[in-house]
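Please read it alongside the sequence and the structure shown here.

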Amino acid sequence: MRMHRKSHLDERLNSCGDILTVADLTDKNMKHAAAQKDELDFVKIFKNGNPVNLEIGCGKGKFICEMAARFPQINFIAVEKISNVLIEAVERAKAENLLNVHFINSAAEVLPRYLKEASIDKIYLNFSNPLPKLGYARQRLTHPKFLNGYRQYLKKGGEIVQKTDDGDFYLFSLESYASCGYEILEKCEDLHAVCDPENIVTEHEKKFADMGKNIYRIVVKS
Ligand SMILES: C[S@@+](CC[C@H](N)C(=O)[O-])C[C@H]1O[C@@H](n2cnc3c(N)ncnc32)[C@H](O)[C@@H]1O
């Protein structure tokens, strides 16, 4: 379903410029775009040297805003390629006066342009699109193409925490992590049955759990 473009989107994005980096989304050559260097200075952005965690595909930002409020000693970078969706996340962070979140309106493929080597402690992949058709496998955010790419900015020993409602995507991801040399620290096939009190439920997680679907979680170490 096509989403209706939000009114005054450009003005609204501009007015959040202090907590938002907007990539050039017109550059369709991802390799070219990623090879440019516009590295973010986290100390300048956050005014401290705290650890930085990254969420790729943050959607409307429920997870990242709740994480930022719960963990003020951690800085968060949230990435979303669709500006029409991202605006809700950015405006929420502004309204809640969260000083430890910065957003990037970009595709995951372009992130090496913005993130310094070994600058990220943890990556969250929450309900990334499973893209079940074989021809789209390379676009899955846990395809080896991406897992090898994350190593450009994820610290050695840094973690990836992935949640999904899709059993096939869960299995595909497990294989992919193993083939790229990530160490599997956790694989859980029914997160809500385990009742992790620390778990922050994302927008999609609530929707899928309400439908009675299992929620899977994988934690790996680089
Ligand atoms: C199914 S939604 C999940 C949103 C949110 N994380 C949640 O759990 O509710 C997946 C999101 O990832 C974004 N996304 C998909 N591929 C991406 C990519 N290559 N780079 C950045 N964002 C991406 C989509 O635009 C979408 O908003």
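## Overall build

Of the 222 residues in the protein, 38% are buried, where buried means that 20 or more other C-beta atoms lie within 10 Å of the residue's own, exposed means 12 or fewer, and partly exposed covers the values in between, with C-beta atoms placed from the backbone. This is a predicted model, in which local features need pLDDT of at least 70 and side-chain atom pairs count only at pLDDT 80 or more, while totals for chains, interfaces and linings use all residues. Residues are numbered from 1 along each chain as its sequence is written.

The protein contains 9 helices and 8 strands; these are DSSP runs numbered from the N terminus, with helices (H or I) of at least four residues and strands (E) of at least two. The protein has a radius of gyration of 17 Å, close to the 17 Å that the globule rule gives for 222 residues, so it is as compact as a globular protein of that length; the radius is taken over C-alpha atoms, and the rule is 2.2 Å times the number of residues to the power 0.38. The C-alpha trace spans about 40 × 40 × 35 Å along its principal axes. Among contacts between residues at least 6 apart in sequence, 77% join residues at least 24 apart, a contact being a pair whose C-beta atoms, placed from the backbone, lie within 7 Å.

## Strand pairing

Strand β6 (residues 154–164) has pairings with β5 and with β8, where pairing requires that DSSP finds at least two bridges between two strands.

| β5 (residues 120–126) and β6 | parallel | 6 bridges | Lys122 and Glu159 |

Together with helix α6 (residues 144–150), β5 and β6 make a right-handed β-α-β unit; right-handed means that, with the strands pointing away from the viewer, the path from the first strand over the helix to the second runs clockwise.

Most residues other than glycine have a negative phi. In Phe127, however, phi is positive, near 55°, and in Leu131, which is not a glycine either, phi is also positive, at about 45°. Phe127 is buried, with 21 other C-beta atoms within 10 Å, whereas Leu131 is partly exposed, with 17.

## The ligand shell and Gly59

Which residues are closest to the ligand? They are Gly57, Gly59, Thr202, Glu203 and His204, out of 19 residues that surround the ligand, a residue being near a molecule if its C-beta atom, placed from the backbone, lies within 6 Å of it. The shell divides into 8 nonpolar, 7 polar and 4 charged residues, with Ala, Val, Leu, Ile, Met, Phe, Trp, Tyr, Cys and Pro counted as nonpolar, Asp, Glu, Lys and Arg as charged, and the others, Gly among them, as polar. β3 (75–80) and α9 (203–210) each supply at least two residues of the shell, and the largest share, 3 residues, comes from α9.

Gly59 itself is found in the loop between β2 (52–56) and α4 (62–70), and is buried, with 20 other C-beta atoms within 10 Å. When residues up to four places away in sequence are not counted, Gly59 touches Glu80, Val85 and Glu203. The C-alpha atoms of Gly59 and Phe127 are separated by 9.7 Å, although these residues are 68 residues apart along the chain.

Conventions. Contact = placed C-beta atoms within 7 Å.
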